[in-house]
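Open the model in your viewer and keep the selection tool at hand. This tour goes stop by stop.

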Amino acid sequence: MLISFYTSRIVLDALGSVDYGVYNVVGGIVALLGFVNASMTQASNRFFSYAIGKNDGHMLVRTYSTSIYLHLAISIVVVVLAETAGIWFFNNYINIPEASVPAAKWVYQLSVISAFIGINSVPQMALVISHEDMHVYAYVSLLEGGLKLCIAFLLLIPALANLKAYAIMTFVLSVIIRVVWQIYISHKYKKCRFNKKLDLEIFRNISGFVGWQIFSGLSWILRNQGANFVLNNFFGPILNTARALALQINGGITSLVGNFQMASNPQMVKYYAAGQIDEMKRLLYQSSRISFLLLFIFAFPIYMQAREAVYFWLGRLPEYAVVFTRLIIIATLIDSLSGTLQQAAQATGKIRIYTIVVTSIMLSNIFLVYLAFKSGFPPTAMIYVDMILYLTVFIARLLISRRMYGLSIYGFLRNVTFREALVVILTGAVSLPYLKLSVAWHIPFFINLAILFGLSCLGCYFVGLSVNERKSVLISVKSKLHLG
């Protein structure tokens, strides 16, 4: 997260606003086509973890081989679409300065190849995650972040400070990461070899699961871009910029929670595969609560110091950027109340009803936002609509989960939601008097941020965690510090 914020400023300064915008627009075409990566990763994780939970090595090998075939097929489709429909869209609808067109074509073609490589890397990453070797995933992520930082510094060299050089270096980075994954997989999981024989039954099962995942991903893109278009239509591009900045801050915070849930998901699937439903529910309660607490620890200080944080990052305060940042953080916290219920639904493999209900609710966002703006409501109304829909989805997820695997709604509210609400109320009650004093005493931004971070940590530790969880944290800290 820190590297991402830092490198984005360096790259922007090195390339300039025009070339940086060209790179994001042109690369975004392929990114839109490559959204299947997330869906495929979740699908592969689910089926790999299920085979491991069944303690069936033969099933795991067949699933891994089938996943490679499926990813290869999808990557070929993506390349064909990119080189036909994508090229047509590039030539007819992308507004690029004439001087940047040759470099933009380089960016596009290298992005297509990178998308092909990225999609075919998913089985390897999913295999690591399903075996819960999260330290390896962390090391590779750190390597990738470090190389991105190196690329940013290389752009400071005048001869390399251009769009074409940046595109080539980014492409080389994707190749390096692909090779690293392949080397590790070949060394670590020697028994999990590629089998040329395609298992049609597993192929059908994974394809069906992926189909609903892709439908969900497409709906998310339509919802997000549709609402963005409505905002642009009523209020112009300045509001789109403010929303994009707020989403970037929010994305940095939520990536931490996403990585935590990535680590907890395989164990949930393994419990389900082994028929240990009570253990799966216990893990569901715990991971739901900890996901929220992790998000809250980082979101709370940013929310309270949003104005100062935006100004420090950008050196100015774009219109609506601060209020959008605060409201989007609240909306994300509401959504995180039930985010892990989606993991439990995916563990069962029966996601058709779940996907239809949840995506239908979220897609209504476009119509409701349009109706709100048409009725004269301000731009912030679109985020209030999101909050209402997230609460509706929360209720829907609880009801569907009770039907799918017998989740106790009262048990979830008591063990998860009420405890989370108490953390928010108590932390806020303690922090507000301090902030009034900090204004009077002119306490610097970074000190305020550190104190608010400390207060959110204390609230999560003493109120959000159970007695046994607090003991586990202390034991872990002592072992890391070699205190006992």
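Over the face of which residue does Arg46 lie? Select Phe47: Arg46 lies over its face, at 5.0 Å from the ring centre. The rule for a charge over a ring asks for NZ of Lys or CZ of Arg within 6 Å of the ring centre and within 35 degrees of the ring normal.

Some ground rules before you move on. This is a predicted model, in which local features need pLDDT of at least 70 and side-chain atom pairs count only at pLDDT 80 or more, while totals for chains, interfaces and linings use all residues. Residues are numbered from 1 along each chain as its sequence is written, and side-chain values use heavy atoms, with hydrogens and water left out.

**Another charge over a ring**

Select Tyr303 and Arg326. The charged end of Arg326 sits over the ring of Tyr303, 5.9 Å from the ring centre.

**Ring pairs**

Next, the aromatic rings. Rings of Phe, Tyr and Trp (its six-membered ring) pair if their centres lie within 6.5 Å; planes under 30 degrees apart are stacked, over 60 edge-to-face, and the rest tilted. The count comes to 14 aromatic pairs.

Select Phe234 and Tyr370. Their ring centres are 5.7 Å apart and their planes are at 65 degrees, so this pair is edge-to-face. Phe234 lies in helix 7 (residues 200–235) and Tyr370 in helix 13 (residues 352–374), so the pair ties together parts that are 136 residues apart in sequence. Helices here are DSSP runs (H or I, at least four residues), numbered from the N terminus.

Colour by accessibility now. Buried means under 20% relative accessible area, exposed over 50%, and partly exposed in between (1.4 Å probe, protein chains only). Phe234 is partly exposed at 29%. Tyr370 is partly exposed too, at 37%.

Move to Phe298 and Phe453. They form a tilted aromatic pair, 5.5 Å centre to centre with 50 degrees between the planes. Phe298 is in helix 9 (residues 277–304) and Phe453 in helix 16 (residues 445–464), so the sequence gap to look for is 155 residues, a link between distant parts of the chain. Phe298 is partly exposed, with a relative accessible area of 30%. Phe453 is partly exposed at 33%.

Ring pairs link Phe234, Tyr370 and Phe373 into a cluster.

**Salt bridges**

Side chains of opposite charge can pair when their charged atoms come close. The cut-off: a side-chain nitrogen of Lys or Arg within 4 Å of a carboxyl oxygen of Asp or Glu. How many salt bridges does this rule give? The count is five. Visit three stops.

- Select Glu144 and Lys148. Their closest N and O atoms are 3.9 Å apart. Both residues lie in helix 5 (residues 134–154), four residues apart, about one turn of the helix. Glu144 is partly exposed at 29%, and Lys148 is partly exposed at 41%.
- Select Arg282 and Glu279. This salt bridge spans 3.1 Å, N to O. Both residues lie in helix 9, three residues apart, again about one turn. Arg282 is partly exposed at 38%, and Glu279 at 31%.
- Select Arg289 and Glu469. Their side chains meet at 2.7 Å, N to O. Arg289 is in helix 9 and Glu469 in helix 17 (residues 467–481), 180 residues apart, so this pair links distant parts of the chain. Are these two residues buried or exposed? Both Arg289 and Glu469 are buried.

**Cysteines**

A disulfide is a covalent bond between the sulfur atoms of two cysteines. The test is a pair of cysteine sulfur atoms within 2.5 Å. The count comes to zero. Select Cys460 and Cys457. The closest cysteine sulfur to that of Cys460 is in Cys457, 6.8 Å away, too far for a bond. Cys460 is buried, at 3% relative accessibility. Cys150 is partly exposed, at 42%.

**A loop residue**

Select His442, in the loop between helix 15 (409–441) and helix 16. Check its backbone: phi is positive, about 55 degrees, although His442 is not a glycine. His442 is exposed, with a relative accessible area of 68%.

**Surface patch**

Last stop: show the surface. Trp106, Ile168, Val172 and Ile176 form a nonpolar patch there, with about 320 Å² of accessible area together. Patch members have over 30% relative accessible area and no salt bridge; nonpolar side chains (Val, Leu, Ile, Met, Phe, Trp, Tyr) are joined within 5 Å, like charges within 9 Å. Areas come from the Shrake-Rupley method with a 1.4 Å probe. Helix 6 (residues 163–188) gives the largest share of the patch, three residues. Trp106 lies in helix 4 (residues 101–130) and is partly exposed, at 39%.

How values were computed: Helices (H or I, at least four residues) and strands (E, at least two) are DSSP runs, numbered from the N terminus.
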